[in-house]
2 protein chains.
Amino acid sequence: MNGKRGPSMHDVAARAGVSHQTVSRVLNDFPGIRPETRDKVLAAIEELGYRRNLAARALVTGRSHTIGMIGPEIPDIGPLSTLHAVERAARDAGLHTMMTSADPSTAHVRDALEFIVGRGVDAVVLVAQEHTVLEALDGVEVGVPVIRLLTGGEPVGEAASIDQRAGARLAVEHLIGLGHTRIQHLAGPLTFIEAQLRRDEFRDLIAQARLPELEILEGDWTTDSGFAAGASIDPRATAVFSANDDMAFGLIHALVAAGRSVPDELSVVGFDDTKTSRHSLPPLTTVRQDFEAVGRRAVELVVAHMAGELPRETGFIVPTLVERSSTAAPRA
Amino acid sequence: MNGKRGPSMHDVAARAGVSHQTVSRVLNDFPGIRPETRDKVLAAIEELGYRRNLAARALVTGRSHTIGMIGPEIPDIGPLSTLHAVERAARDAGLHTMMTSADPSTAHVRDALEFIVGRGVDAVVLVAQEHTVLEALDGVEVGVPVIRLLTGGEPVGEAASIDQRAGARLAVEHLIGLGHTRIQHLAGPLTFIEAQLRRDEFRDLIAQARLPELEILEGDWTTDSGFAAGASIDPRATAVFSANDDMAFGLIHALVAAGRSVPDELSVVGFDDTKTSRHSLPPLTTVRQDFEAVGRRAVELVVAHMAGELPRETGFIVPTLVERSSTAAPRA
DNA sequence: AGACTGGCTGTGACCGGTCACAGTGACGCG
DNA sequence: CGCGTCACTGTGACCGGTCACAGCCAGTCT
């Protein structure tokens with residue numbers, strides 16, 4: 001028991017009058033320890049305030065029981081909620097999380113990966129919303145499983161994503177069902193796979209319904225960009241499908257400021273169901289994404305990997321439509 | 001170089017034809033190594049794809065270069081932004097972060113502390129918005145510095161906070177300056193120190209200006225609770241100071257739904273400057289909190305601690321007022 | 001009685017780094 | 001020429017756990 005470093009297993013062993021190995025066995029719940037021995041050890045641990053050194057443990061076992069998370073530098077609500085869900089799910093599974101961030105450039109993601117793997121994690125969970133992030137994984141062997149999050153496009157065992165096309169379908173079919181025929185799309189930045197998928201589905205649906213194709217606008221997810229897009233809305237449009245809630249808010253602001261009313265003159269549907277959308281003016285009709293489920297799924301995959309199971313088809317997480325007051329039937 | 005575990009320092013040493021110690025020296029930038037030796041080592045590292053085992057390093061040095069973060073179970077924008085800022089600042093300082101969450105009960109926070117300290121972090125950063133969280137620290141000696149975040153009330157070396165009273169003052173004085181005399185306050189949950197401080201400052205200012213004291217409402221930070229509070233707004237009030245933006249949104253929704261107009265009949269000022277407040281209807285006048293600065297400050301404190309410096313008076317981080325369109329002079 | 005089993009516990013090597021302490025050879029100087 | 005100095009490199013112990021492998025001491029079986 002040398003000064004600063006706190007008691008070690010040997011100190012506990014000495015105090016309890018057993019060997020260090022017995023202490024180890026007690027700590028790891030090995031069967032076949034006499035209850036009275038176990039109690040002695042437990043008492044010694046308590047008295048000394050012993051805390052196991054996980055660095056030593058990790059060194060010899062080669063596993064750290066930690067999952068590394070890599071998220072975007074400036075996180076949106078999606079990644080943020082998801083990563084937090086991962087953290088909670090991991091804790092429930094007896095795992096820890098460690099977090100680092102990287103901007104989406106391939107080089108940076110690769111650095112972050114190097115960094116977090118070097119830190120000795122057992123698995124990596126990577127928010128991969130953009131192709132550049134995915135590319136960072138190409139040809140890189142890090143020795144631990146890497147689970148991709150929120151790519152939107154892979155219902156496979158190595159990724160946990162929400163079905164973006166299904167979400168877009170929900171939004172657009174809602175609009176079409178209301179009777180809208182001239183629908184415009186305000187897309188997210190198309191470097192995002194999710195933005196691409198929502199746009200693709202929008203296009204397909206419009207074509208399929210043989211509706212006129214209005215120009216597709218592109219924002220950057222921010223309320224400001226939605227506001228800016230307000231100036232480019234097609235005068236013929238009666239409805240807009242915004243690729244996220246924030247842009248929808250900005251758009252509505254611009255529209256109302258220009259004297260147009262929502263939903264009377266123009267319907268707007270968002271995507272995300274952020275907590276403000278419930279009480280925005282007007283309350284926003286939007287597509288709800290269950291980020292919590294994504295986080296849990298990711299941890300399930302990690303656990304399966306650690307148990308040596310093969311990745312399997314896990315299926316998408318399915319979004320739902322939340323109807324509120326920003327959409328209505330077009331005026332006759 | 002045994003199968004699964006990847007190459008070790010000895011493997012690199014063998015490959016480069018030097019001793020493991022020389023490899024260590026190269027890795028740690030020790031002076032006095034012949035450039036040609038260094039190059040050989042670097043080359044060997046590259047060829048072998050060597051990655052230093054940080055568990056081993058942590059074991060012998062007793063430091064992990066990691067800071068542990070404890071945040072709330074369901075994080076608001078403040079904690080979330082702050083923790084993310086900590087993460088970035090830490091990375092810039094060559095430190096890593098590890099995150100766990102805990103609900104605010106004293107017992108849970110204590111568990112989380114135990115957990116993260118046992119994980120071998122060099123310092124802990126704890127989001128302590130409620131008294132119960134702070135109490136978890138009483139009489140607990142964990143052996144590493146614990147920095148408190150967002151308590152709102154301590155401009156000292158062990159904490160990084162935003163001056164809540166100054167923020168509230170900004171909001172209330174703005175309203176008074178506009179000519180309002182009957183101002184109501186929608187407080188946050190009073191278990192939050194920040195909510196208490198905003199309320200206290202509000203009260204003091206109202207008393208100081210000898211204005212009528214209207215009932216103080218209490219919400220739970222959510223838009224829903226703000227909406228609910230709409231029913232309890234005093235009919236005499238011409239302005240409301242909401243303790244955060246989200247509740248302000250809910251409140252405005254309720255007000256407008258009840259036929260009252262903002263800001264013509266009633267001014268509303270929020271707190272936080274969330275990204276939607278810029279384009280809500282009407283755009284929200286609010287108090288901006290620089291969470292990024294809090295995160296940076298926290299890491300500065302950690303670094304100072306690790307360098308053995310004494311905690312010193314660091315001062316508050318000062319919020320600012322963002323004037324938008326939800327406030328106006330009262331109608332004559 | 002002797003061998004065997006099984007429950008429980010102890011011994012020592014080892015994980016992969018860092019630290020403290022020695023070397024080693026080249027060079028300068030008296 | 002001998003010695004000290006300096007620049008550079010090597011040696012072995014050690015951090016605190018876990019693992020593989022004994023040991024030990026009942027009780028049971030033949």
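Me: To which strand do seven bridges join β1(A), and how do the two run?

Reply: This is a predicted model, in which local features need pLDDT of at least 70, side-chain atom pairs count only at pLDDT 80 or more, and totals for chains, interfaces and linings use all residues. Residues are numbered from 1 along each chain as its sequence is written, chains are lettered from A and ligands numbered from 1 in the order in which they are written, and side-chain values use heavy atoms, without hydrogens and water. Strands (E, at least two residues) and helices (H or I, at least four) are DSSP runs, numbered from the N terminus, and two strands pair if DSSP finds at least two bridges between them. The partner of β1(A), running parallel to it, is strand β2 of chain A, residues 96-102.

Me: Which residue of β2(A) is the bridge partner of A:Met69, and is β1(A) enclosed or open?

Reply: Buried means under 20% relative accessible area, exposed over 50%, and partly exposed in between, with a 1.4 Å probe and protein chains only. Seven of the seven residues of β1(A), residues 66-72, are buried, so this strand is largely enclosed by the rest of the structure. The bridge partner of A:Met69 in β2(A) is A:Met99.

Me: How far apart are the C-alpha centres of domain 1 and domain 3 of chain A?

Reply: The bounds come from an automatic or database domain assignment. For chain A it gives domain 1 (3-52), domain 2 (62-162 + 291-318) and domain 3 (164-289). Between the C-alpha centres of domain 1 and domain 3 of chain A there are 62 Å.

Me: Which element gives the largest share of the surface near DNA strand D?

Reply: A residue is near a strand if one of its heavy atoms lies within 4 Å of it. A polar contact is a pair of N or O atoms within 3.5 Å; a base nitrogen of DNA strand D is 3.1 Å from a side-chain N or O atom of A:Gln21, and a phosphate oxygen is 2.8 Å from one of B:Thr22. Two or more residues each come from α2 (20-27) and α4 (54-61) of chain A and from α2 (20-27) and α4 (54-61) of chain B. The largest share, five residues, comes from α4(A).

Me: Which element gives the most to the surface near DNA strand C?

Reply: Of the 30 residues around DNA strand C, those that come nearest include A:Arg25 and B:Met9. A base oxygen of DNA strand C is 3.1 Å from a side-chain N or O atom of A:His20. With five residues, the element that gives the most is α4(B).

Me: Why does the length of α5(B) agree with that of a helix?

Reply: The expected span is 1.5 Å times one less than the number of residues. Of the 16 residues of α5(B), 12 are buried, among them B:Leu80 and B:Arg88. The 16 residues, 77-92, should span 22 Å, which agrees because the end C-alpha atoms are apart by 22 Å.

Me: Is B:Gln21 buried, partly exposed or exposed?

Reply: B:Gln21 is found in helix α2 of chain B. B:His10 is 11 residues away in sequence and 8.9 Å away in space, C-alpha to C-alpha. Because its relative accessibility is 35%, B:Gln21 counts as partly exposed.

Methods. A polar contact is a pair of N or O atoms within 3.5 Å; within protein, one must be able to donate a hydrogen and the other to accept it, and residues adjacent in sequence count only if both atoms are side-chain atoms.
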